[in-house]
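Please prepare a short briefing on the structure shown below.

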Amino acid sequence: MQEALLTYQWELFIAAEILSVVMLLLFGVTRYLLNQKKLSAIFISLFLALFIFEAGLALYIYQITGEISTFQIIVMLFVLYACTFGIADFKRLDRWMRQTIGKWRGVSLLTEKDMQVMERQQDTKYIARKNRMSAMIHLVIFIIVQAGLWIYGLGGTAGIVDYLTDLTWVEVDDYRQSPYASETAFSMSKLWGLIFIVDFIYSWSYTFFPKKTKA
C-alpha cells in the first residue's frame, strides 16, 4: 500500500484534480440546469472530499519519507490557494455558471446581489483595491511558508538573521549553502519567489496605472 502510494502519488494527485474540476461542473449542471439540488450537494461534497484526500495524501507521504519533496510543496500551494483565492474564484465560477445556464434556460438565476457584485467588478477603484488585498495576502502567505521552510531547514531560528542580511547564497545556487533542507525546497522557493515578485508588481499596477473606464 505504502509503495503504491509513493509510486503513484503524482498520478493520484492529477486524477484528483481532474475529478475535482468534473465535480464542480457537474455541480453547476445538476443545480442550475437540471434543478436537482440534492444531487448537486453530493457533487460539491465529493469535491470537498477530493480536496481533503489531496491534503491527506501529501501528509501521509511526508510521514512515510520524513522529507519535504516537490509533491508536498505543490500540494501545499494548491491547498493554500483553495483556502484563500480559490474561494473567491469559486464564487466567480458559480456566478458565471448561473449566468450562462440562465441564458440557456431563458431565466435569470442571478440574484440582485450577484448583479451588484458583477457591476462592482467593473469599477477600476474596486479592482485596484481587490488586487492590493490579494497582493498583501500573497505576501503574508509567502513569508509564513518561507519562514516555516527556513526553520525546518535550519533546525530552529538560529542563523535566520545571517541569511537575511547576507544573500550571496541565492547567487551560489547550492541548497547546501542555503537555509533550505533540500534541493527541491530551494528550487521551488526560488521559482515561487520569482512568481511572487511578478504577481506583486502586477497587482499593484492596478493602483498606479488604473485601466480607463469605458464610456
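Does aspartate 173 count as buried, exposed or partly exposed? At 47% relative accessibility, aspartate 173 counts as partly exposed, a class between buried (under 20% relative accessible area) and exposed (over 50%), with a 1.4 Å probe and protein chains only. This is a predicted model, in which local features need pLDDT of at least 70 and side-chain atom pairs count only at pLDDT 80 or more, while totals for chains, interfaces and linings use all residues. Residues are numbered from 1 along each chain as its sequence is written, and side-chain values use heavy atoms, with hydrogens and water left out.

**Salt bridges**

- The whole structure contains 5 salt bridges, each defined as a side-chain nitrogen of Lys or Arg within 4 Å of a carboxyl oxygen of Asp or Glu.
- Side chains of opposite charge can pair when their charged atoms come close.
- Aspartate 173 pairs with lysine 190, with 3.1 Å between the closest N and O atoms.
- Aspartate 173 sits in the loop between helix 9 (168-172) and helix 10 (183-208), and lysine 190 sits in helix 10, so this bridge ties together parts 17 residues apart in sequence.
- Lysine 190 is partly exposed, because its relative accessibility is 36%.
- Aspartate 114 and arginine 98 form a salt bridge at 2.4 Å, N to O.
- Aspartate 114 belongs to helix 6 (residues 112-120) and arginine 98 to helix 5 (residues 85-105), so the pair links parts 16 residues apart in sequence.
- Both aspartate 114 and arginine 98 are buried.
- Arginine 176 and aspartate 174 meet in a salt bridge at 3.2 Å, N to O.
- Arginine 176 is exposed at 66% relative accessible area, whereas aspartate 174 is buried at 17%.

**Helix 7**

- Helices are DSSP runs (H or I, at least four residues), numbered from the N terminus.
- Helix 7 covers residues 124-154, and its 31 residues should span 45 Å at 1.5 Å a residue, where the expected span is 1.5 Å times one less than the number of residues.
- The end C-alpha atoms of helix 7 are 44 Å apart, which agrees.
- Aspartate 123 caps the N-terminal end of helix 7, with a side-chain oxygen 3.3 Å from the backbone nitrogen of lysine 125.
- Glycine 155 follows helix 7 and has a positive phi, near 75°.

**Surface patch**

- Trp10, Ile14, Ile18, Val22 and Leu26 form a nonpolar surface patch with about 410 Å² of accessible area together.
- Patch residues have over 30% relative accessible area and no salt bridge, and nonpolar side chains are joined within 5 Å.
- Tryptophan 10 lies in helix 2 (residues 9-33) and is partly exposed at 35% relative accessibility.

Terms used:
Helix = DSSP H or I, 4+ residues; strand = E, 2+ residues; numbered from the N terminus. Polar contact = N/O pair within 3.5 Å; in protein donor to acceptor, adjacent residues only side chain to side chain. Patch = residues over 30% accessible without salt bridge, like charges linked within 9 Å, V, L, I, M, F, W, Y side chains within 5 Å. Areas by Shrake-Rupley, 256 points an atom, 1.4 Å probe, with all protein chains shown as cover.
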